[in-house]
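Hi everyone, thanks for making time.

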Amino acid sequence: MHEPLDLQCTSLNFRGFQYAQAMLFAIEEINNSTDMLPGISLGCKIYDACASIARGVRVALALANGNEVVSEPSEAPCTRIAKVQAILGETFSSPCMAIATAIGPFHIPLISHFATCACLSDKTKYPSFLRTIPSDYYQSRALAQLVKYFGWTWVGAIRSNDDYGNSGMATFTETAQQLGICLEYSVSFYRADPPVKIQKLIDIIRDSTSKVIVTFLSPTELYVLMHEFFYHNLTGYQWVGTEAWIFDSETAARDRHHILDGAIGLSIPKAHVSGMREFMLDVKPLNSSSNELFTEFWETFFSCKFNMSKSSSENQRECTGHEDVTGVQNSFTDMSLMPIFYNVYKGVYAVAHALHNILSCNETCNNQVRLDPFMIFQHIRKIQFTTKEGDEVYFNENGDPAAKYEIINWQPTENGIVDFVTVGLYDASLPADKQLSFRNTPLIWAQHSQQVPLSVCSEKCAPGTRKVLKKGKPVCCYDCFRCAEGEISNMTDSITCVQCPPEFWSNERRDACVKKEAEFLSYKDIIGSLLTAASLCGACMTIFVALIFFKYRQTPVVRANNSELSFLLLFSLTLCFLCSLTFMGRPSEWSCMLRHTAFGITFVLCISCVLGKTIVVLMAFRATLPGSDVMKWFGPAQQKLCVLGFTLIQVIICILWLTISPPFPFKNFKVSKDKIILECALGSAVGFWAVLGYIGLLAMLCFSLAFLARKLPDNFNEAKFITFSMLIFCAVWITFIPAYVSSPGKFSVAVEIFAILASSFGLLICIFTPKCYIILLKPEKNTKKNMMGKGAPKSL
């Protein structure tokens, strides 16, 4: 219902007064120096902006154009217009932005000691702005690296709802995302917000799962927030702060409920300026040229009043002007903000050095030079000097100094006072991997813990697993899935599993690739040992039968059906048993070629002998018919040629196979996942099936002829036994094909060996066992008369 009153300053802020004192100290030191601006005295005009943007712009314009409406009448001897060549201040970023925008067209340099917003580095918007404190661009990135260093990937963020907070948090958020840090929430806050909005912020924090809070807050906002945290009993949070409050003793003093204990953050490096503390505490209100300002400080500091009238409150004592400032403990006597005072000091010296260069000062200065703010600004940008404390001062192209920070940890002491312990350093001028460094100093965390707090959305995925993002959640929220067989991940939080090389396989933990076990049919295997024993047993049995036949070679049973073919058959059967041994052991080029060709040739030699014996049986029966001379066409010489011819065909097939595309050793990775199957690849499948097909053709031919001769009238008709042996032979090899194709790995070789041995034993037992039985156990039947049989063949 009423028009708002003009903004009024209601009280004196001791921090602001300290900044003014630091400026006066630097000016007095320069004026007393014979090296800096000899013969020239610097002056200043101080205005109180009262932390108001509007008032800050107003007083800045007053300084620029000489308008005295905001200043009290002064009896100072200087009568020149109050147009200044440079402005020192403001303390906060938002007022600096407004002031820099207002005075930018006039090119008046504005040097701030505490405005850190990265936005002020934009020279297109703020061309005449300079500062002696690093930009928040570096601080925001440093905070993100600090959070990453301690493994906090799930954090909350609170910022002041102003240019300082919004700009700083924007840079932090961008850098955090690049480093894999997720913000569970990011909320803005201002001290004048209504209770409803503050309550909403508290609810967000209470419902969150992150335990780390990154702040871009001014101390004023932080005071309100500390009260709300205590009121709602919110404890156990790890605070990460900026230079705005992390090394401010007044903030620590106000934290009576220890909400911020264990906080960690960045601060401007500690500084000491000799003589500044003594100067700032040596306040004499009645002897100062700025009586109004210092009188107000004195009255506020000691709660007294100069020249107290009778109408004044009786409780308010009268100031004497001789009170001891050092005897009072408050924010003014606290020198913890000496680094900020040092920034003010460096700002004054930057202007002085620029003037020194412009006026060509040596022993004297050229007073005839017409000073211009733009000229001073250009020289300030180029200055580079070293303070008496040994620190180098310069401005980069954006008007910013070098970015260096100390890492501060709030460590409560036994008496309840917070100790600001420097635990590390950050230097933006160093390489990225060396910018952040920590001292060997123990840290204290929230709730006096000595263990680094854990603040993650999901636990780290151990080696052997991979991260799978949760749908609709930030990238820091994920599930850990075990790598599949044959894949590994050998690092924490791996996003993918790597396929092992073909000759390797994943171990049980899935964190390393181990060499696959090579599998082949070995003599050491149980099945290999059994097959080897069977092969050697079959060879020995064949040799034993050969010895029996050799010993009784003159008996009718041995001579009845071409003893030469019998010995050749026994020899080929011995080779058949022994050729199975070539399938044992690790495959090599020679063993692969030998095993298939030896098998093919020896079996054809064997079947050829059986076929020759079958033909002999048939021819012998035909020879008993009157007038038949068929035996002269198939005598011993023709039998040998027949066997040789059949075998020679198989030899030619094998030679062609070995010439065109021979078998070769092959590592099979497909049959077994965790093993390498060493086998012999066929090379030419046509060659392999040609060898088998030829053996099968001879076997079928032999079986057919033997089947036809099975009922011949001899008392000892060998064709019956040949028929049965060939029946077994054909059955074995017909069943071999599907068993061979379906058997995995070394078992396919075992099936092939089993087929060789089974068919060989079938031939040996069926053909030679009856003869051995008669030779050894029924010698009375081993006569020519018995071999000839009785009577004529039955009529059909």
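I'll go through a pair of helices and then some salt bridges.

Quick housekeeping: this is a predicted model, where local features need pLDDT of at least 70, side-chain atom pairs count only at pLDDT 80 or more, and totals for chains, interfaces and linings use all residues. Residues are numbered from 1 along each chain as its sequence is written, and side-chain values use heavy atoms, with hydrogens and water left out.

Okay, helices. By the way, helices here are DSSP runs of H or I with at least four residues, strands are runs of E with at least two, and both are numbered from the N terminus. Two packed helices are described by the angle between their axes and the distance between the axes. So how do α17 and α18 pack? Helix α17, residues 636-660, and helix α18, residues 685-708, sit at about 170°, with axes 9 Å apart. The axes are lines fitted to C-alpha atoms over the stretch in contact, and angles run from 0 to 180 degrees between N-to-C directions. That makes α17 and α18 roughly antiparallel, a label for angles over 145 degrees.

Who touches whom? From α17, the residues in contact include Phe646, Ile649 and Trp657, and α18 brings, among others, Phe688, Tyr694 and Leu698; contact means heavy atoms within 4.5 Å. By class, that contact has 11 nonpolar, 2 polar and no charged residues. Nonpolar covers Ala, Val, Leu, Ile, Met, Phe, Trp, Tyr, Cys and Pro; charged is Asp, Glu, Lys and Arg; the others, Gly among them, are polar.

Now, salt bridges: a side-chain nitrogen of Lys or Arg within 4 Å of a carboxyl oxygen of Asp or Glu. How many does a search of the whole structure find? It finds 17.

Take Arg206 and Asp203, whose closest N and O atoms are 2.9 Å apart. They're 3 residues apart in helix α6, so about one helical turn separates them. Arg206 is partly exposed at 37% relative accessible area, and partly exposed means between buried, under 20%, and exposed, over 50%, using a 1.4 Å probe and protein chains only.

Then there's Lys673 with Glu485, at 3.8 Å between the closest N and O atoms. This pair links distant parts of the chain, 188 residues apart, with both partners in loops between strands. Lys673 is exposed at 55%, while Glu485 is partly exposed at 46%.

Last one: salt bridges that share partners join Arg15, Asp248, Glu250, Arg254 and Asp334 into one network.

Key:
Parallel < 35°, antiparallel > 145°, perpendicular 65-115°, else oblique.
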